[in-house]
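This briefing walks through a few local features of the chain shown below, grouped by topic for reading alongside the structure.

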Amino acid sequence: MRKNERTIQYVDLPYNFISLPEEYRYPYTKKRDGDKREVLPKHSNKEGISGYIEYKLIPRTDLAVEVREIEEENKFFLSGSVMRGRVRTNLEILSKSYPQFVNCTPMLFRDFTWNLKESYRDELGIEEGIEKSIRVGFLRKDNNIKFFVVPAKKFSDNKFFISIKEHELIKRFSVNLDEENRLFRISDKKWFDKISEIQNRANEITDEIKKLREEYKDQISCYNKSISTIFTEEFTFTKRLKPLRKIISNEIIENFFSNKFWDKLENIKEELYSRLKELPVKNNNIDKFFELMSERWMLKAVIDLLYYYLTKENSNKKYKPYQKLFFYEKDINGGIKNISSSASEKKKELLKGYLYNSTNAGTKRSHYFVNEPEEDKDVFFEVPEDVIESYKQNYKKMHFTKGEKSLNKEKANFYNVFDNKNYEKLIEEYPEGLIVFFQLENNEDKTSKRVKRIGRTPYFKIRYKHSLRDIIGEKEKNRVDYAEALFGYVTEKTDTFGQNRDEEYIYLSYKSRLRFSAIDIELNKPKQEEQLYLEKLLKPREFLLHSPSATACGMYLKQVDGAKLITYQDNEPKLRGYKYYHIWDEIDKLGIENNTNIRGVITKESISQMKGRIHFYNLKPQELGLLLISLDIKELLHSKKYCNDLKDFCNYIESCHELIGGAKPYGYGNVKVEVEDIYIEKEDDSFESLILGPLKEEKENKSQYIDKYLEEAYKAGKKCVLCRLKEYVNSKQERVRDNKEDGDFTKQRPKRISWANLSEKVYPKEWRLID
């Protein structure tokens with residue numbers, strides 16, 4: 001526990017959460033009868049309230065939005081969807097509607113070194129090593145319709161493929177890799193000379209360890225688990241080499257064997273040796289075995305540090321994934337003795353194989369050698385549609401932003417194997433099939449011919465025990481919340497009700513009763529200067545827009561102070577709630593970087609006014625009240641009946657702001673919303689309505705709609721409504737930006753993290769979001 005407490009670091013991120021309700025509210029039903037709830041109002045009826053709300057936006061910071069132009073009229077506007085999405089989210093939160101737009105695709109993870117490493121290894125079943133556990137083959141299509149995998153021939157030592165570190169590929173096998181396929185940019189051969197020298201000594205020690213393990217197997221075998229635990233729990237490279245990784249530099253590398261750096265490694269080795277000797281083995285000759293294991297650990301640690309430095313300083317930014325034909329000669333153990341780019345270079349017949357690598361991400365050091373496909377045409381494995389769909393969903397979440405745009409596109413295409421058009425292009429380049437790694441479905445007699453997992457690397461991402469849908473819970477069947485009742489819905493394919501189209505079900509889908517008109521923009525520029533001004537104003541600007549994902553467990557899941565990280569693999573994980581971005585009083589100018597997400601930026605000074613309308617049709621009074629406060633929470637202050645309940649909130653409600661458009665983490669899109677007028681259609685056909693028009697202004701009567709909604713909401717409990725309102729209002733407060741990187745990662749003084757100072761591609765697992 002204490003170790004976890006020391007590693008936990010509290011952070012304040014550009015976003016936070018509003019908690020989910022304990023239960024969702026469904027005021028309507030899709031059924032005609034048999035339910036106490038009201039049936040949704042018919043669009044053809046005119047029993048409800050129709051009209052429109054006129055509102056204006058007052059920008060507090062610049063806006064990252066797409067400004068559109070009606071050229072013939074020289075008018076400019078924003079799409080109404082800019083506010084539609086904002087109002088929909090607000091309404092969903094305030095009315096305790098079911099969170100509809102949650103990405104409920106499977107949650108995936110891959111973990112080698114953290115809390116879930118055992119779960120990951122167990123699920124993949126890689127106890128014997130990745131090369132003996134994960135199959136490899138060639139993806140093809142059957143008559144251009146169904147995908148299947150032809151397995152590669154196994155190596156004689158029962159391996160499906162062989163991993164070869166880059167220094168071995170170049171030094172030992174003399175493979176002349178193209179520069180674009182190398183993991184590292186190394187012009188000085190001394191690097192790989194040094195690594196190869198250390199690796200050769202480690203291999204010699206491994207042979208000695210094997211002999212001693214066989215000689216004393218009776219004494220050693222009963223302690224195998226304890227020995228493994230010492231290495232995997234106490235002496236992992238991630239844990240023990242962390243201080244050395246922080247100080248490693250080119251100068252240290254140059255003088256690697258003659259400075260205090262080496263002494264520190266010797267000290268760790270001696271500590272490991274002492275720890276192994278604590279095991280109650282009754283044979284003194286075993287000490288030599290422990291000594292050799294400690295020595296080998298240190299040599300591997302040296303290689304790890306050298307590769308860590310190469311990854312950090314010499315990673316090949318122009319790297320391209322590849323699949324290339326080579327020829328090889330077997331050694332006496334069934335492994336690889338020689339590798340050649342041409343079969344004619346040797347007199348004896350060489351075997352066909354492929355060198356392959358898909359990425360140089362992270363700490364990747366090895367390339368893969370894969371045998372040719374099986375010759376038996378009857379040996380193939382079908383790739384089911386659900387596996388293909390899972391791969392496609394995971395592909396959508398992948399980011400290819402490292403390096404030049406053309407390279408990123410090439411990498412993306414290399415992974416996009418189940419897109420039919422892209423597959424055709426790839427298969428032209430690789431007619432033998434696309435190398436993929438896979439596992440088969442389990443069955444008792446192990447005769448399954450269906451693929452369970454598939455990927456371009458052997459280290460698949462696998463499903464967490466829980467998905468977002470599991471945690472949120474299923475939506476009640478046949479029930480309709482306020483968000484769906486106002487914005488409409490389309491029945492999901494998974495819904496089974498109403499298949500017979502009988503009288504019981506009348507609303508399998510429901511059209512929205514709201515329409516958001518375009519937001520008109522007037523500019524603070526004379527007409528003669530307007531066009532020139534706009535060309536400059538609307539020039540695309542680029543932002544580094546991180547994409548936080550719900551798989552960041554320390555941020556998206558509720559955590560317990562001082563405890564281990566709670567993940568979707570735990571028994572009862574709980575979501576923090578709806579995510580919102582903090583509203584800043586000014587732009588984070590330090591945070592603007594280059595990236596692929598491009599929007600126009602319109603400055604707040606350039607805007608004279610911004611006005612829009614929301615047209616509504618056939619609403620109930622409480623629905624109109626809900627719509628008003630979802631557009632602008634300040635409308636809540638018009639309540640007459642419940643004004644005393646709101647007196648503690650008044651100042652906070654008055655100071656609420658909204659965020660629209662893109663680049664919200666940088667402070668763009670901060671606006672004040674103000675409802676100017678509300679117009680209601682007259683219900684009669686009197687002479688007055690014909691002369692004066694069909695609409696009447698209801699600005700002074702808004703209180704009745706607000707009160708009606710609060711009356712309905714209070715049925716779930718006044719205290720619950722006010723607590724939720726407090727949380728909601730707090731999320732709408734403007735924060736003052738001082739650009740100080742304050743905090744020391746403690747709960748009392750969390751470190752403020754912005755996209756400007758976020759150096760990690762993913763959040764460190766020690767991080768916890770401060771509440």
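Helix 16, which spans residues 420–429, has N422, Y423, L426 and I427 as its buried residues. Seen down the axis of helix 16, these buried residues fall within an arc of 135°, so they line one face of the helix. The model is a predicted one, and the points below should be read with that in mind.

**Helix 16**
- The face of helix 16 that is turned away from its buried side carries the exposed residues K421, K425 and E428.
- An α-helix has 3.6 residues a turn, so residues three or four places apart point the same way.

- An open sheet is formed by 3 strands in the order 36-1-37, and the pairing is parallel.
- Strand 36 (751–752) and strand 37 (767–769) are the edge strands, each of them pairing on one side only.
- Strand 1, made up of residues 9–12, is joined to strand 36 by 2 bridges, and the two strands run parallel; V11 stands opposite K751 in strand 36.

**Packing of helix 2 and helix 26**
- Helix 2 (residues 81–94) packs with helix 26 (residues 718–731) at an angle of about 150°, and their axes lie 10 Å apart.
- Angles over 145 degrees count as roughly antiparallel, and helix 2 and helix 26 are therefore roughly antiparallel to each other.
- On the side of helix 2 the contact is made by N90, I93 and L94, while helix 26 contributes R724, L725 and Y728.
- Sorted by class, the contact of helix 2 with helix 26 has 4 nonpolar, 1 polar and 1 charged residues.

Technical notes
Residues are numbered from 1 along each chain as its sequence is written. This is a predicted model: local features need pLDDT of at least 70, side-chain atom pairs count only at pLDDT 80 or more; totals for chains, interfaces and linings use all residues. Side-chain values use heavy atoms; hydrogens and water are left out. Buried means under 20% relative accessible area, exposed over 50%, partly exposed in between (1.4 Å probe, protein chains only). Helices (H or I, at least four residues) and strands (E, at least two) are DSSP runs, numbered from the N terminus. The arc is that of the directions from the helix axis to the C-beta atoms. Two strands pair if DSSP finds at least two bridges between them. Axes are lines fitted to C-alpha atoms, for helices over the stretch in contact, and angles run from 0 to 180 degrees between N-to-C directions. Angles under 35 degrees count as roughly parallel, over 145 as roughly antiparallel, 65 to 115 as roughly perpendicular and the rest as oblique. Contact means heavy atoms within 4.5 Å. Ala, Val, Leu, Ile, Met, Phe, Trp, Tyr, Cys and Pro count as nonpolar, Asp, Glu, Lys and Arg as charged, and the others, Gly among them, as polar.
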